[in-house]
Each structure stands twice: as structure tokens, then as C-alpha cells.
Amino acid sequence: MTMLRPKFFLNRRGRRGFRRGTQRQSSSESSAQNSASSAVNRIFGLLLGVALFSLPLTARAQDTDRIDAQITNTPSPTYIIRNARIVTVSGADIDNGILVIINGHIAGVGANISAPAGAQEIDARGLTIYPGMIDLGSNMGLIEVPTGAPGTIDVQELGEMNPNIAAVWSINPHSAHIAVTRVAGVTTALSLPSGAVISGQAALINLLGTSPREMAVVPEAALVIDFPRIGGGGFGGPPSITPEAMTQRERRVDELRKMLRDAEAYGRAQDAYRKDPKSTPRPVTDLKLAALVPYVRGERPVIFRAEREREIRAVVRFAEELKLKPIIIGGSEAWKTATLLKEKDVPVILDSVLNLPLHEDDAYDSLYENAAKLHAAGVRFCISTGDSGAHVRDLPFNAGMAAAFGLPRTEALKSVTLYPAQILGVADRMGSIEAGKIANLVITDGDLLEPRTNIKFLFINGRQLPLVSRHTMLNDQFKDRK
Amino acid sequence: MKTLMIIVCLIFLANVAGAQSPDRTKTRIIRNATVLTVSHGTLVNTDVLIRNGKIAAVGQNLKAPDDAQVIDATGKFVSPGIIDAHSHTMMDGSVNECTKSVTSMARTQDILNPTAIGIYRELAGGTTAALLLHGSCNAIGGLSTTVKLKWGHPAADFPIPGATPGIKFALGENPKRTNFNIPGLQPRYPATRMGVEETIRDAFARARDYKRDWDDYRAGVARDEKNLIPPRRDLELEPLVEVLEGKRFVHSHCYRADEILMLMNLADELGFKVRTLQHVLEGYKVASEIARHGAMASAFADFWGYKMEAYDAIPYDVAIMTRHGVVSSVNSDSDERARRLNIEAAKMVRYGGLTEDEALKLVTLNPAMQLGIENRVGTIDVGKDADVVVWSAHPLSVYTHVEQTFVDGELLFDRQADIARRAQLEAERKTLEAAESNKSPAQGGTPPRAPSAIRRAYTHDDDIQDGEDRRP
Amino acid sequence: MIMRNVRLVIVSLALMLLLTIVVSWQLRSAAQRHTATDTYAITNARIVTVSGPAIDRGTIVIRDGLIAAVGANVAAPPDARPIDGTGLTVYPGIIDASTTLGIPRPSPTPGAAPGGLAALFASQAAPSATSPNSTQPPGMQPEILASDLIKPGGPEIEAARNVGITSAQTAPRGNVFLGQSAVINLAGDSPQQMIVRSPVALYVGLNPLGGGQYPGSLMGVFASIRQMLLDARRYQEANEIYERNPRGLKRQNYDKSLAALQPVIAGRMPIVMQADREREIERVLDLAKEYNLQMILNGGLEADRLAARLKAANVPVLLSLNFPKRTTAASPEAEPEPLRILRERVEAPRTAGRLAAAGVRFAFQSGGMTSITDYLANAAKAIDNGLSREEALRAMTLRPAEILGVASQLGSIEVGKIANLTITRGDIFDKNRRIAYVFIDGRPLDLRPTAEIGSRGPNASGTWSLTVNLTGSGNEKQEFTAMLSLQQRAERLTGSLQGQLGSGTISAGTISESDVNFTVPITFPGPGSQTTDAIFTGSLAGNQISGTVQIVGRGAGTFTATRSTVPTSAPAPTPSPDR
């Protein structure tokens, strides 16, 4: 990833380059630097594209790279979209409305908006505008081919505690999954590292950009913890629930607890030193503890993987004890703990809608109905595919299935737009169509959650993207072959 | 104790009674539905009369006998039952006999498990029939079984009488065991695609010799020759002879365009037609050749990228092949996906612009044709088997769910009955758990097993090995 | 001259005659050591003959291992040892219709247990033996005979006798073609003395072979069974044609596996197939029908669901009394068990009654239960669930004898039959009954408390000769011997080691089923040698322990230990329900 290194190292030390707002500034701030490095980027991008995808893959993948590169390195256009039905999600639908995009953001939305100067016109007669969908449970960009190409897998690092590992350093912006996913209307994804107890930090990315820096909405968005459990997977059959296994699990939880408390102490020591460097001894740098500080202070959320009732209860208890801001991912049995989740206001990323029921005797629709039950109980949740990347585009149909089994349709739509934004604390920027928010939009000829619907236009960061992906290009290449 | 015995006796009797009930031959009438016939368009406000397991009549305001069960389907949709042309449901033990690269003597019909809960869940998703295949461990795998999902019936009732028998072939990464290096286990030939072709060629060469030996023997017997020792009957080669004689369908798992061409060319050389190419995710690259050879295709809707040979897969595959004249279907290769093949079919409207009728065909008439059972199922026509699904909304809509599923006119899934039964099952569980034989041992006792892995969506089942935890 | 020759001849003849008489007398004595202690008369007892009406009070006379007389008015002969049967009930000796009694478990080869993924490909059922010069791999050899493998005595046989079981059908272990069974009496100092009938039936299992060998799946198992049966048929046919006139015909290779299958395909020897669930039973019935085999069903948990078919096909059932029961400890973390399994456990005791009602012939077998005391307890449970006492008793005695072809020798109390008797205080199915006497081949047995020995499996107590073989390179001595003294109490092992590896006391010693683990500090010979821990992991079978040893800081190796003395004191007893 040679092309990425110069910018990364400069910015990483102070981590300032990734704060909110800098992204917008970077394009205007150092434009000279940008155009030079953009050319470099483009060449490297092309070379990389060829190298990665030459055999047996066609070299056409580089075409989507070219699109991304062109788009993100040009000034942000202004658009006016007319005659559309606008599903704002946060408010009432607008039957025949206008939406204006300026500088990457929704400048105005309503029935009567005047056109700004130099706006590109888009006639959306008969079409509907939705917010771009958000999937909070993927490994987008961290893994290309799960079987048979281990070089493309960057999901799981070795070691039990990796809080300072950040997915954003590993995301491949040129993964074929990116374009394939966005042309289906999913504009934003949370990419999580996995494995171990503390897997690392997840990155919230828009599916547009030639570098993770460009893509990242929140580069270190959440800490990912796979809460210690007994069993739950692996070859050779699950172990038994022996006293030893329980003790071992408790020990791992204790280690986790200790690390988080140590991080608290570290943060305190660092603050004390910063305030008064003369009289306070300088604390030794510990990258792991340093990474944990914002999370143990409740400033950023911690995502816990928990599926079964027992695990969910243990996680909620643990998070409360350590004063963390928990989010549960998985939640297969969340409906059984709905009261607790509501009481403690713990939101759930449901990535289990299409899984098979946990037990032979579970109702056939027990996982389809999960979302509806959570909604009825007032628990905050969103829906995710839980897929590593290739099938994140299936997100709307996961929501649709929940709607088929009791979740009101408007809620189903929210569960892939506004709710994930709220849960991750970015609802001020995305998740619905409101003035001021980032223009991540998908324009369809029908219900967004329906498979028969066609996507007609796509906007990410206020830029219109051609509906081109590896798949459309292969389609074009072969569909008329005699 | 006595109460417990009575309750459990009653439950047992109910189960037994359920299996023997006259439900099978009951006359039913589904009234006032939108009927998607697949063969002759969509009929609104239409009734479907089911009698003796067959579709007896289709029309408006049909007359029904007084004792017929009436299903009011106003506002609802009726379609033929979905047929899954690539399934490994309801199989005991391993789906693969991996120890040899030619295992045509293995038969899926020997290991049917009619009590697998996967069957019921698929009925709840509208699937009524399936092609049960051997896994993709071997270049030439075992014999397949074409079944109807007759939940509650013994195994013998599942195979469809008269369905043309089939055999599974596999090409590409799986039969050459690229992705399965088990330390301590000897690697098995073939290890390359070259070897895969060689394995198939060799097997058919042996089959030809076998056929000739038997033909010679029979000729000798006919000539009244004495002292002839018959050749050895070889259960591995006999199905291959059947393939050569056109009596057994070849369903071949394949991915890459080059191996697709290889098999069709080989088949042409040997004098048979490949019946279905399964997965065939690069079929779109050689759609004309497939059409010319006369093979049919059964693929995923949009599942892709999980291994290298699936990296060029595109969701337009089925549409491109369809437009080139290849009879195509969409399959599941997964207990999980088999519950929602209607949605998989619906995706084909978006990807490649198939019409809704064409899309619905991908999971009804087309797989029926591929399995050679289109005279019995696949459409709603008078005289066909009553394999019929009642949906709450259009089957191609994501918001639909199945209300009832009929197979051979028997109501095998009823959502309302399923919901009503849940409390009863909970009560039964409490009673059973209190029974003596279900109590934990007073002292000692082995530690209970930890929970097994979650069965996630977005997987495929071809590579299930011996011993993998397949508990539902 | 002639007179002297004649006298010579007469004397020689007389001598020869005398010699013959003496020799034959010796031989007769050897064969029928008609000692004064072999005749018994049990008087004033209740006698349940099974073949006829019960005798409320009567006498039974045992002589020469057979039932010499039985009846209400039979007098005890004067040479008989009297046994007062007041308050006792005499039953025919219980027959366990399907076991592996007397056939030693194969010892695992060190390092043969692979871990992880490879473990999945290891077979679960290691065959009891390998037949030399066989065309088939172990596990697929129908020519294996139980009678070749039987070893007398042993804890399992003792435990079975202690609950009143006097004979059993025993079959080798294995995968697909397990071998041919034998009916044995559970007493005797040699296999020959034990065997009542051999071969009885061919056991066929449905367990795939491991280690990447075909058949590796259930599908493959069925295919391989079919192919072998077809090959056996052809073998017969081809040999017949060849025998008639070999000229011009290619010689058929000798194949003892196919030869062994001939009685089976001719229907002269029955085939025993294991199946419990309805679909499994259907599969094996279909297979037997396809090849016209005479079948006996082994297991039969759900046999009642197919009672009509079993009756119509005249297939007897060896019904397992190893009713499924919950073996896992309660735990708040445990996942709920499927309803299917909960139902199965409740239903299992009902099968016998239903089979009886449907007229299906069945006999009870222990089904590999680890605690043989459950045999009678579960038979009693079957009676509680709809089976009549008479049918239950028959299923333990005459019915198995009939099914196994030994009804003229065993199974009921009739004059001339072998004197196998189970004598109880109290009705045999009562919870509080005690086994008072067990006679096998007309001799009473020493009964022991059933607690530890049988129910807990193999016992490691005793003095063992230990040989340790270390892997390594160079000129270092690799083989060491020592004396190992072990005491077993329940699952704990204590003891010590003495010999070429120094002296040490065992710590962390456990034994679970036949898995033996212990750690002991050892010191290698030689000056300046340090003491280090050796961790032993092995498997106990009969009087042998073998396995692997890890020496901290040195490496790994293998070990074998052979028991040189049996425990002099019984292990700590736990209360026995039978006494």
C-alpha cells in the first residue's frame, strides 16, 4: 500500500488528520499537494489494481478505481433533483419534492426549493429518494476472498487484546466489494476487525474514496469486543461446560476488566502529566492503554458480540460495571432480554435476521421476528447483514424479511438508515434526508427494500456515482457475446 | 407420574394420528386468490380446487363439495411450490464420500432423514421439492434423489416416483481439494483441474469397457454358450453406463468457464448431454456454448466471491444465460437459503431485467424441467400434483410470508397452526423435563456440551465434511 | 517254545488291555471329572421354568453340568450337595442377547490419536481384530470369528454374572463387517469351555472407517455392503462354474471374506444389523430385503413404529435395555435439549410392550450399558410400561435362546438342558431382589458386590511392570523399566514408581473409563541426573496400560505396563443396590 504511507504517517502521530471536519478541509486545504499526490495515487492505484486483480481476474477492476479517483479529486458539484418522492425517514414523506446538494451536503429538501447557480439538473420523475443505507456489522474492505486467498484476509490479528489495532489501517478501498455494495444502495458501512477478546477498533466508512482516509466518516468509531464465552464454534466440536471452562472464561473476563481499569488509570495519569508536566512523573507510553482511554471514559461506544441470552446479560452487566457505552452485535436472543436492554438503553445491531434458528425446537421464524419484538419492547436496534463484504448489498432484504414478520415497514427502513446512524452517534451527519446532513442518497424506481426495485441514481458525499461495479462491467462484457 | 404418562401418550397418539389422518385425501378449495399459474399467466379472484392430491380445477367461483376445507385467500397469492435444484437437506451423516475421487456407488437415497427440521423450515418458506445431491468432494460423486418435502411421512414417501435418476459431478477447487488440507491425512488425487478431467475420462473409459463386457456376456448367454462366468457387477460403473445410455442425468457442480466447456466437450465426445450445470457462476461467459450443447443451468442469484473460482461471479449470470436460451433455475445449496428462494428469484428482476413471470419460473417450472418432473409439478394446471403455496403477498415481494404449503394436496405447513402449537410445545417441554428419565444424574454426570456454532446466512453447504457439527 | 510265545502274547495283550482301560479311564475322568462336588439339589424353591408353568415349590437336580431332574415331587439324590431353596426363586440363566463380552478392546497404538481436524477423520469404532491375508481392510472382514478372540474372565464378565447373566451372544467390534458372533457361557477357564455355539450370526455395523479409508461416510458404508454381497454371490456362482470344468476359464482368486459371506447370502446364517431410529430400521430392513437376507435387528429403540413390517418379515429384535438417559449434569448454562430427545427417553421403555402386543419376537440385550445393574432395572421399567412379566422373563431367557439357535441347550429349565440358573431372593424384577446364586454349566459362582468393578469399568489397582521408550537420537539409552504400584479409588489413582527411573510418588492420578493419567517425578540413571516430572497418558485394557509419556525438559515417548498382580484388597466399596 505504498501510495498510502506518506499521508498516513504524517497524520497518524497526532491523529488529528482524522478528526471530524478535516476530511472536508483536506481537499481545499492542501490542494496543490493533493493534485500531485493524486496523480501519484492514480498511478499507484492503477498498478495496484493490475497487481491485485490480474490473474484470473480481469484488469477491469481498475476502472472503478479510476472512477473513485476521479470523483474524489474533483471539486464537489452542485445538484438539484426534481420531481422526486422523498422518503426522509426522519419525518414525513414528500410526495413531489426537490432536493439540493451543495458541497457534499443536503442543502435543502422540500416541495419548493429554488435552484442554486450552476446546479446539475436531475429529473427524478416517478422515482423515490432514500437515504443511503448503513450496515454496522461488516468487515468491508478487510477481506477479499475468504477461502483460497489468505493474502487478502486482514480481519483478525494475533493476540488476545488488540485495542490499538484499527480497521481503518487495513481497509482496501479498491476491494471489488465496495462498488458492488454501493450500487445496491448501501452507502456506508462499519468495518470491524474480529477475533480475540479485544479485536480492535472499527471504522465507519463511506463506500467512496481511494484511501481509507477519504472513506472514513469516523476512523476509530467503536471498540470491538468478543466477550469471552464457552463454545460457539470451531472444528472438532464445541468444548463442554466444565468447571474448568467456566473458570477459564471468568479469568479472561477478569483480564479484560483489568485492562480496562488499567486504561482508566493510564488516562488519568496522562491527563495529570499534561496538566502539570513539571511536577508529575512522565508516564511510560502504552499504545494499547492509550487506545482504550476514550472507550473507558464512555466517549466512544464499545461493540460487544453476544448472541445468547446469558451472554447478553453478562455483557450488559459488565458494561455497566465498567461504565462503558455498550452496543450489542448479534443479538440472536435479544428478544428474550428486551426488558433489560430497554431498561439499560443498550442498542443492538441485529445481524442474525437470516440465520437459522439457534435450536431445533425454536419457532421457524424466531430470528425473523426478533426485530419486531425488540421494536414492540422499545429496544433500540438496527439491522445488519453481518457479512464480511461481498453480501452487504443484501442489507435491504434483511430488513424486508423482518418486515415480513411483524416489523412495521417504516421501522424496517429506519433500521437500515436512521437507527444505525443514531446507534453509532453519527445521526447528525447521516441516516436521513435533512438539510445539513451528508448527501448519501439512493434513488430508486420503487420500494428500497424490495428486490425487484432498480437503483437509478447514487450519491455519496454529495457526488453522483455511476452505477458501475465489477459485476456490471462483466455483465456488459459478456451479455451480448454470441 | 400417571398424569405424565397420559399426557405423553396423548401427544404420541396425536402425532401418530396426525400421520395417519385423512388429511392426505381431503378435498380443499382455496378461494379468491391471485393465482400465479406460471404456465398461463396470472389469474385474479381465482379459486383452486384440490382433490386426491391433485389440482382438480382452477377458475372463478368454483363449486366445491360441502365437506371441502375452505381456505379464504382473499388478498393473497397462490403459486406452485418452489423447487430447489441443489440441496443437501435431510441427509444423515456426511454429504460427501470423500475417500475416493469416483464414488458413483454412493447413494443419497440411503441416508435420507425425514425428521430433519430443515425440511419443515423449507416448507415454511414455500419450498416443496428438492434435488438432494452428494457433495462436491469428488469429480464423480454419488447418486442424487429427487424428493418432495413430505414432512411427517416416512423416508420412502419422499423420492418422487418416476423422476429420472441423477448423479453428481464436481469440477474445480472442491474435487481437487484445494481448500481442504487436513494435516495427517494423505492428499488425494486429483490435485489439479487437469486431474479432474482425467478422473472423469478414466471412469467413463472403465464404464465403457464394463458395458462391453456385460454386452459380450449377455450375447454369449443368448447364444447358449456354456461355462460362462459373468463379469463382476460393479456398483461404481453401473450408474456411469446409465449416463452413457442417457438414462441418468448428470448434475455437475462447476464454476469456471474453462471447466464448463471442458465437461460439455467431454460429454459430447462420450455421447451424452450434461443435464444441469450447478452453480455455473461463470456460465454467462460461455452461455452460447451451454445453449448449443443443450445443458441447463442452476445457479445462485447473487452469492459470490467466497472463493477464487467464484470471484468472477455476477448476479446477471442467470439472466444472461436465460437470454441465450439456457433453461435456468436459482437454487440454494443451503438449508438457510432454501427458506427464501422466492426472494432470490425476485433479485433476478433487478439483475438482468427478467420479467416477474420469468423470475418466478426460475424456482418453479424451470427446476421442474431440469429434474424431469415438469409433467407433475412446477405450474398450477389442472391434473398436476397439488404442490401449492399460499402467500400473504406476492411471492416476489420481500414483505411476503407463507401462509400455507401443500404437497400432494396435503397441508404440511400452516402458519396459524404453527403459531397456535407453540404454547402446547412449551407445556410439553416442561412436562418432559420433569420426567424421571430426563432428570440429570444425581451425582457425577458428564459436563453438558457448550452451545454449537451459529448457523449463519451467506454460506453454502457443498463442503460439509464428516463430523462437522450439523445440529440444527 | 510256542507256549512261551503265547504267554508272552497273552501278557502283552493283557498289559495292553490294562493300559487301554487305565488310559481311557484317565481320559474319561479328564473329560467328565465326575467329582463328588458336581451334583447339586436345590430344594423347596419356587421354580420358573419358562417353558412350562411355574412350580411353586419344587426341587431341581443338577448333575454333570446339566439339569438332571426338576419337579414338585423330585427327591434330592443322596450324592447331591443340598441347597435350601426356601424363599428363593429359580429362573433359567439370563441370556444377554448382544454383547462384546470376552472380546478384549483393541489397545490404542501410541500417538494414534490425532487432534483437531484429523480427529474428525478417525473412526469411532476400532475393529477388534485383523484377519491375516484378507482382501478387505480391518473393519470390513466378515471372516473374523468371535470364537477366535474370546478370552475368559475379566471385569465385564464378572459384573454381568453378578447381576445374574449367565450367557451371552458376543460379537467382535468394528465398522462395517464386524465378524461372526458366538454364544458363550460366562464361566470357564478357556474359550473352549465358554463357547456354546459358534458361529451364530454375522454382525454388520454402519460405522464408516476412519483415516481417509473407504467407506468414509454412511452412504459409502451402504454401497460397500451392497458391493460385498454382490461380490459374494458372484464368488459362489463363479466358483461353481469353475469347479465344474476349469478348462479354459480364468481362475478366481481365493477370497476368504467372500467365502465367509456364503452362509449369509444363502440365508443359512442370520445377519445382525444395528438400528435404533425408525429411518435406520427401515434402511436395514430394505437392505436385507434387497439381498434376501435373514435379518435380526439389533437395538430397536423405535422398532415399535415398524412392528407390522417386522412381524410380516419375521425379523426378530434384540431389544436394547440401555434406555437413553440423561448423562449430562445439570448446568444453568446448558442449552435446552431437543424435544425429540426428551420424548425419546420417555418413550424408550414402552417399546417392548408394544412389540409384544404386535407379536414381534424380541429378546433383551444390554446394549453396551456401562452399568450392568441397569439391565434388570430397565427390564422392570419395561414391565411398568406395558410389558407383561412373562414376556419380560421370556425375553431374557427362552426367546434369545430361540433366536440364537441354542434353544435346545439354554433358555428354560428342562431336563437335559445346560444347568444355567439365576436364583434370586424375591421376584427377579423386584427392586429389592437379591441374586442369591448363579449357576453356569452346573457350577455355582462366587458372586461379588457389583458396585465398583463392573459399573466403573476397568480397574487399575495392582503392581505393574512398566517399560518406557523414549524417542530421541544419539547413543542415549532409550528404554527404561520400573515397577509401578497403583491404587485406584473411584476415579483417583495413587501409588509409586520404583526402578530404572528412580523412585517417585504419583500425583494427579486419574482414571476415567479406561483413560489413565498420572504424573510422577523421575530421575534418569547416571551421575548428576536431575529429577523431572513425567506425565503419563494412557489407556487401560484388561491387564495392560499403554500410551504416551511426556518428560518435562526431555521429550516424549511411549510406555506399556503389564499388570503382574491383581489387587489384594477390593477397592473402596460403595453401597450396592443388590445386597
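Which order do the 8 strands of the open sheet in chain B have?

## Basis of the model

This is a predicted model, in which local features need pLDDT of at least 70 and side-chain atom pairs count only at pLDDT 80 or more, while totals for chains, interfaces and linings use all residues. Residues are numbered from 1 along each chain as its sequence is written, chains are lettered from A and ligands numbered from 1 in the order in which they are written, and side-chain values use heavy atoms, with hydrogens and water left out.

## The open sheet of chain B

The order is β6-β7-β8-β9-β10-β11-β12-β13, with mixed pairing; strands are DSSP runs of E with at least two residues, and helices are runs of H or I with at least four, numbered from the N terminus, and two strands pair if DSSP finds at least two bridges between them. The edges are formed by β6 (82–87) and β13 (328–330) of chain B, each of which pairs on one side only. On average, neighbouring strands of this sheet are turned by 25 degrees against each other, direction ignored.

Strand β12 (residues 296–299) of chain B runs parallel to β13(B) and is joined to it by 3 bridges, with A299(B) having V330(B) as its bridge partner. Helix α5 (residues 257–270) of chain B lies across β9 (166–170), β10 (249–254) and β11 (276–279), at about 160 degrees to β10(B); contact means heavy atoms within 4.5 Å, and angles, from 0 to 180 degrees, are taken between N-to-C directions of axes fitted to C-alpha atoms, for helices over the stretch in contact.

## Strand β1 of chain A

Strand β1 (residues 79–86) of chain A pairs in the parallel sense with β4 (residues 120–123) over 4 bridges, where I81(A) has I122(A) as its partner. The pairing of β1(A) with β2 (residues 94–102) of chain A is antiparallel, over 5 bridges, whereas 2 bridges join β1(A) to β5 (residues 128–131) in the parallel sense. I86(A) has the bridge partner I94(A) in β2(A), and I86(A) also stands opposite I129(A) in β5(A).
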